Amino acid sequence: MAHYRQLQRTSIMQSESVIVPDNAWLAEVRNSSGENASLCYQCKTCSTGCPVAFAMDILPHQIIHMIRMGLKDEVLKSASIWLCASCETCTTRCPNDIDVAKIIDDLRMASTKSGLKLGDKRPSVFHKAVLSSIKSTGRLYELGMIGIYMLKSGDAVSNIKSGALLGDAKIGLKLFKSGKLKLFPKRIKGRKEIKKLFKKLKRGEAE
Amino acid sequence: MKVSYYPGCSLHSTGLEYDESTQEVCRILDIELDELSDWNCCGAGSAHCTDEALSIELPVRNLVKAEEAGLDLVIPCAACFNRFKVAEKHIREGKEPTIDTPYQGKVPIKHLLDFLSEEENLKLIKEKIEKPLNGLKVACYYGCLITRPPKVTDAKHHENPQVMDELLSLLGAETSPWSYKTDCCGGSLMLSRPDIVAQLSGKLIQMAEEAGANCIATACPLCQANLDTKQGVISKDLEREIHFPTFYFTELLGLALGYEKADKWFRRHVVDPRDLLKSQSLL
């Protein structure tokens with residue numbers, strides 16, 4: 001399995017320097033996510049079933065172990081936490097009933113708050129674009145969200161360069177012609193109620 | 001019969017034919033869908049990794065309306081269904097963070113597939129079949145969020161669900177047993193990591209082919225969009241032309257129940273399924 005070979009290569013795990021376990025972060029994660037990473041006995045069921053493992057820099061079971069080692073920055077900077085597709089396979093199969101996907105959600109929030117450079121900023125930009133759309137109209141307005149995402153993620157420029165934008169535009173046009181991409185957003189009446197829910201967000205908020 | 005209906009954002013945009021076929025099927029079966037008034041987006045996919053309270057409060061605003069209506073709540077989108085169920089468990093179990101709401105967790109929340117597969121509805125469907133789907137070999141694709149995690153969704157068979165297979169078999173289609181029915185299509189990485197989505201969705205299509213299917217049926221607008229719109233990229237990756245129709249299960253249901261204008265749904269697909277249907281004299 002390619003990702004197990006990758007496990008051998010992961011520099012943090014192969015590091016010659018001695019890691020002194022620091023329980024503070026473990027307790028912090030337990031407090032904010034409600035999940036106890038200490039229950040993990042490293043059976044790797046989560047990583048084996050993870051559909052996105054092939055693209056990850058640190059595998060799910062390693063993330064759990066690194067929480068116990070207190071390797072906070074390494075985990076929060078990883079691309080893996082943003083590549084999780086939230087498919088819930090790890091959570092469903094964990095023999096110790098650890099809600100791994102919930103821990104990953106918690107790490108994503110911590111990563112946004114930390115101000116660290118994200119391992120892969122694109123999924124995070126996507127989520128912000130989605131929430132910003134919901135915040136302003138009460139529903140998701142796809143065309144607006146895609147526009148914000150393309151500009152903020154830098155994908156607009158890189159997709160022009162790679163030629164991928166042409167393919168995307170062709171599909172976009174097909175969707176538009178068949179009435180699937182609406183030109184204008186639908187605004188719900190209860191927008192004020194929605195804005196109020198968003199007001200409670202302090203950091204990591206959709207702009 | 002009357003139920004509350006929460007279409008969710010996708011069914012008013014990229015999943016338009018899922019909404020239309022759902023409405024049509026329910027009309028034929030005399031099931032009245034009462035759309036929740038002024039519903040809001042539940043934040044599926046994005047709110048839960050941004051702010052936990054928000055991820056509960058967004059669906060809860062809709063759940064308050066559903067509880068007031070006092071009817072069963074039917075949701076066709078797998079992602080919305082999942083977030084509503086998470087909110088239900090959160091409120092029922094009094095989890096942190098505490099949410100201030102009149103919602104009590106009492107209204108039954110059902111995914112459309114499970115709802116239409118209830119005994120009473122299967123009986124109605126069986127009586128009204130006009131055009132059996134003979135010749136269609138369907139790989140029933142459930143995706144992630146209808147069944148996982150079972151402690152949230154209350155799914156009985158989360159590794160090998162059967163409801164869609166049973167429903168489409170009833171309609172005369174042949175369903176292919178395959179091991180990928182609950183594997184992930186890449187979901188909301190569609191825009192930010194299309195490469196990952198193409199790899200995962202490409203695998204699903206290849207495995208459906210290998211199982212002898214000639215199409216896939218889905219019960220989720222995100223799954224359908226990923227499987228339907230990425231086949232150009234998948235073809236390039238695999239260096240062969242892929243043309244594998246992906247239906248919403250409700251489109252096949254509408255077709256079998258004799259709805260005559262089903263053609264308009266199929267025209268909206270990026271991968272046009274009409275040749276397949278015509279070859280089996282279904283259109």
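Predicted model: local features only at pLDDT ≥ 70, side-chain atom pairs only at ≥ 80, totals over all residues.
Me: Leaving aside neighbours within four places in sequence, which residues is Ile75(B) in contact with?
Reply: Residues are numbered from 1 along each chain as its sequence is written, with chains lettered from A and ligands numbered from 1 in the order in which they are written. Contact asks for C-beta atoms, placed from the backbone, within 7 Å. The residues are Tyr6(B), Gly8(B), Cys80(B), Phe81(B), Phe84(B), Ile109(B), His111(B) and Leu112(B).

Me: What is the order of the open sheet of four strands in chain B?
Reply: Strands are DSSP E runs of at least two residues, and helices are H or I runs of at least four, numbered from the N terminus. Two strands pair if DSSP finds at least two bridges between them. Strand 2 (32-35) and strand 4 (109-111) of chain B each pair on one side only. With parallel pairing, the order is 2-1-3-4.

Me: Which residue in strand 4 of chain B is the bridge partner of Val74(B)?
Reply: Good one! Strand 3 (residues 73-75) and strand 4 of chain B pair in the parallel sense over three bridges. For Val74(B), the partner is Lys110(B).

Me: How are helix 2 and helix 3 of chain B oriented to each other?
Reply: Axes are lines fitted to C-alpha atoms, for helices over the stretch in contact, and angles run from 0 to 180 degrees between N-to-C directions. The axes of helix 2 (residues 52-69) and helix 3 (residues 78-92) of chain B come within 9 Å and cross at roughly 95°. Angles under 35 degrees count as roughly parallel, over 145 as roughly antiparallel, 65 to 115 as roughly perpendicular and the rest as oblique. Helix 2 and helix 3 of chain B are therefore roughly perpendicular.

Conventions: Contact = placed C-beta atoms within 7 Å.
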